[in-house]
Each structure stands twice: as structure tokens, then as C-alpha cells.
Amino acid sequence: MAYWNKDQWGVQQGQGYPPFYALGGEPKPGHSQPYAQPIVQPQYDPQSSANQKTPFEDGRFQPKKRVNDILFLILFILQFAGFVALSGIALSGYVSSNGLGGGVGNGSQVGSSVTLNRHTAYLLLFVTAAALVLSTAYLMLARIFTRALMHITLVLSIILNMQARSNASDRVAICVYYWITGYYSGAIIFTIIALFSIFAYFGFRSRIPLASLLLQVVMDVSKHHKSVYVVAFIALILQAALSVWFSYTLIAIYTKWTPGNPSCGNGTSCSGSTVAGLVFYAVFSYLWTSQVIGNVALATLAGGAYGSWYYFGPREQGQMPKHPTLSAFGRASTLSLGSIAFGSLIVAILEIVRLILNAARNNANAQGSFVEACLACCAEFFVGCIEGLVRYFNRYAYIEIALYGKPYIKAAKDTWTMFMDRGIDALVNDSLVGMTLTWGAYTIGLLCSLFGYLYLRLTHPAYNADGQYTAPVVLFAFLIGLQCSITMSTAIEAGVSTIFVGLGEDPQVLAVRAPDLFRLIALTYPRVVQGVPRV
């Protein structure tokens, strides 16, 4: 990545920018930014002409033809091949045993009481379909109602943490309901999240104008590049297909290796430890693969439609290369796949650690060890915070990978240097776009987990007579909903992240692409655009 001189544009430090909105008023970003701004190039200092950058600066959009982080590419391929083999063996036993019976609704009571059966497979299929519909609907709502959705999402996340229909006559808070029913692990985590949601909303309300205008710019760009939605929907369909495959494989593992199953008498080594180990591997493979799918989509959009719009200008100006999205996908799925797998592995490991802590919390809660459950809950929350930070940082590293074809470690170092030099970290931390999309994904995951929980309570499957499978089924439903929504939100996050990276490298370009957004950023965060001339 190129390094810059903060004063290379010949502007005196402290020179301000006039606000783009009415004097004394607040910015009103309810309108959409014009996609093709008038071609007005900044008047640079002649002495700085040698420092001016081109769209292909330092190999941008033209990376070297080499495969980066090949070790992690090999590991990713091997783990996926292992999952395919495990799935084939497990599903063959599942088919031969007819899924241990079970069905849809109350018909599930005829199934086996030994372990998860066909009833759970149908349940997770319904969850996947719900996640697909909800994720699509959320993206459409984000495109139509931008600013309002930021308020609604933050408020809705609080309501969903606090309310649910427990019967036909009244609505009871989820956390209160869990406390009453003795499901303490769920009660603790939902109470903490509900309190955090309330405080977060009041803290972030003042930051909505900038985030709304930023989201409007991204939406306007995506409106003129249909490839954004094509990539997002393909990634979502792949994610949904992987979730269905994972669901059936998971049930098949329980069916084939749980002690007491008919297959155990046919030479199959059945034990609880075998089931736990295979489920652990299947979940890890699912998380890693789903992360890679979403991040390949992110890199495709960042190096394609969004990156080309930022550095080359709108398509109408004739400077944008042909088929930028297709070219970006070719780079992301081949040369940079190892780097994407590297970053995705880190997040997958953190997710696995969090799931282990979740299982420990549930086990302590079942045994009545309230102190141990609270400690596990706190550790799970701490690991979740680390995971969120890693996700946040990785997203910008993937932009560097998409634009320059860098290895993961170099992309991470350059991203950190850029953030610290330009002060982009403060701007990113204040952006509510990522918060809105994260809460949206969490809301969809919560809806899916609530659906799974109520389905189990209403259908009373034989295998869950004592409630021993409630926690894992609810957790699997939440993961499916969360992963599908995160994949869909990639279409928006890619655009926002690309603009932030562009601000760090060439902030003067945004002054031409989206003047209103640039002036609001310059007014609020002058360090980010320090040394950039007025436009």
C-alpha cells in the first residue's frame, strides 16, 4: 500500500469545509446521492502532481499472478473434503435407518426417542427457509427505508430480546420467561444483551445522520450495478444450501453413532464421545466454510462494483473496466482464496471457543451450578467481543486483499497502518451501518432460534421428552439464521468498507464521487481528510 504525505495536496492545516446542509440545521440524508456526479476534478497544487495516484497505483486491480497463503488454502480444501466424506458416511446410515422416524408437527411423536431424528431435520429445513426469506426481506427494507431502518433495527433488537408470545393470550419477555422456566443460561445471556441494547440505542442515536448518508451512497451505487445483488443472492443461496446439507449431516451423525441406535449392532463404534467429536468437526467445518463463502462475496463486491466506482468513477464516464465483478470473483476464488481462508479460520476458531463455553454454561446450568454458569457466560461474552473485533478488522483486510491481491498478514498490517495514520478508526467506530447490519443479523438469528424453541415446545418430539436437546437445537437454529443474514448483508458492508478504505488511501476521490458525504465527514472528522483541497 502506498504511503502518503498528509500535506501533499498543498492545503494549509486547519482549513475547513463549508457544511453542505442549511446553516444551523442538521444534515438530512433522506435523499439518494446522485450516482454520476458532475465531472469536477480537484485543483491540485502543481508541485504535488508527481504524488497524484492513478486507479492502478501499486498494483491495484492488477495483482501479481500468484497464489497467496497456499498453506491455508490446502487446509481449507482438506477440511472440506473431510466434511464431504463424513457427510457421505453419516447420510448413508441415515437413509438405511429411515432417519429414526419422526415427522412434521405432532407426528414427530412416533419417531425414535433415542436421539435427534427426522423431526429435527424438518425443523432445521424450516429454519433455513425462514432465514432465507427474512434475510432477503431485510436487504429490501434496507434499500427502501434507510434511516428509519436504523432506528427500527436498534429498537426491535431490544423488543425481541424482551418480548415473545408464550401463549395465545399474552406476551412475556424472553429473558423473564427463561428465568421463570429455569432456563438460567438463556436468561442470563438474554438479560445482558437486552440491557446492552437499551444503552446502545441511546448512545448511538446522534450518529445516525452520517451512517444514513453513507448507506444511501452505497445503496445508490448498488442500484446501478445489478451484479451487487446477483452476488449477494448467489452467496445467500449457497449459504442456505450449505445449511441444509449441514443440518442433515448433523442429524445423521446423531442417528448413526448415538448409543442405542439400530446401527450400533452392525459393527459401528457408538459412543457419546464419538458423537461429540464428529459434531464438533461438522460445526467447525460449517462455520469455516460459511465464513469463506461470505468473505469471497465481500471481496468480489469490493474489488468489483464498489472499488471500480470509487477509483474509476461511474460506468457512464467510460473509465470503468468491463465486467469488474467477474474479474474480482476470479481473483477472490483463486489467487486470494488462501488469504480469505486464513482470516476466516481465525473467526471460525473464536466461534468454536464461544460454542464450547456455551455448552459449558448449559451443562453447569443443568447441574444447578449457578456460579459456574455465570462465569461461563461472562467468558462467552468476552470471547464474543473479541470475535466481533476480529470480524470488524478482517473486513477491511479483505478489501486490501480484493484490491491489491495481498497476503492476509500484509493486508492486516497495511490496514492497521492506514487506520492509525488517517484516523479512520474513529470514523469506523462511529458508523452505525455495521451496527445496523449486525443487529439485523442477530435479530434474524434470534427469530430463527425462537422458532426452533417454540416448535420443540409445541410438537413435543419423543427424543426431547426431558428437554435435553432444546439447547443444541436452538443453538443450531440461531447459527443458521445468523450465517444466512451475515452473508446477505455482505452486499452492503462491502460498499461501506470500500469507501472507508478509499478514504484512507485517496480521500480526495470521495470529494468528487459523493460531495455531500465528503463534506459531512470533513466537518465531523477533519483529520480523515487532512491535506485534501476544497471542491
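Trainee: What should I keep in mind before reading any values?
Mentor: This is a predicted model, where local features need pLDDT of at least 70, side-chain atom pairs count only at pLDDT 80 or more, and totals for chains, interfaces and linings use all residues. Residues are numbered from 1 along each chain as its sequence is written, and side-chain values use heavy atoms, with hydrogens and water left out.

Trainee: How many helices and strands are in the protein?
Mentor: Helices (H or I, at least four residues) and strands (E, at least two) are DSSP runs, numbered from the N terminus. Here you get 17 helices and two strands. Buried means under 20% relative accessible area, exposed over 50%, partly exposed in between (1.4 Å probe, protein chains only). Of the 535 residues, 56% are buried. Contact means heavy atoms within 4.5 Å; among contacts with a separation of 6 or more, 80% are between residues 24 or more positions apart.

Trainee: How do I read an aromatic pair?
Mentor: You describe a pair of aromatic rings by the distance of the centres and the angle of the planes. Rings of Phe, Tyr and Trp (its six-membered ring) pair if their centres lie within 6.5 Å; planes under 30 degrees apart count as stacked, over 60 as edge-to-face and the rest as tilted. That rule gives 16 aromatic pairs. Take phenylalanine 246 and tyrosine 286: their ring centres are 4.4 Å apart and their planes sit at 15°, so the pair is stacked. The pair links distant parts of the chain, 40 residues apart, with phenylalanine 246 in helix H7 (residues 227–257) and tyrosine 286 in helix H8. Both phenylalanine 246 and tyrosine 286 are buried.

Trainee: Why is the pair of tyrosine 310 and tyrosine 311 edge-to-face?
Mentor: Their planes are at 70° with the centres 5.1 Å apart, so the pair is edge-to-face. Both tyrosine 310 and tyrosine 311 are buried.

Trainee: And salt bridges?
Mentor: Side chains of opposite charge can pair when their charged atoms come close. The cut-off is a side-chain nitrogen of Lys or Arg within 4 Å of a carboxyl oxygen of Asp or Glu. The structure holds nine salt bridges. Lysine 406 meets glutamate 400 at 2.8 Å, N to O, and a salt bridge of 2.8 Å also joins lysine 406 to aspartate 414. Lysine 406 counts as buried because its relative accessibility is 6%, and glutamate 400 is buried at 0%.

Trainee: Is lysine 410 buried or partly exposed?
Mentor: Lysine 410 has a relative accessible area of 42%, so it's partly exposed. Its side chain bridges to aspartate 414 at 3.4 Å, and both lie in helix H12 (residues 408–422), four residues apart, about one turn of the helix.

Trainee: Which side chains does asparagine 295 make polar contacts with?
Mentor: A polar contact is a pair of N or O atoms within 3.5 Å; within protein, one must be able to donate a hydrogen and the other to accept it, and residues adjacent in sequence count only if both atoms are side-chain atoms. Asparagine 295 lies in helix H8 (residues 272–312). Its side chain meets those of serine 344 at 2.8 Å and tyrosine 398 at 3.3 Å. With 11% relative accessibility, asparagine 295 counts as buried.

Trainee: Which residues form the nonpolar patch on the surface?
Mentor: Patches are made of residues with over 30% relative accessible area and no salt bridge: like charges are joined within 9 Å, nonpolar side chains (Val, Leu, Ile, Met, Phe, Trp, Tyr) within 5 Å. Here the patch consists of Val67, Ile70, Leu71, Ile74, Leu75 and Leu78, with about 550 Å² of accessible area together (Shrake-Rupley method, 1.4 Å probe; for residues, only the protein chains shown count as cover).
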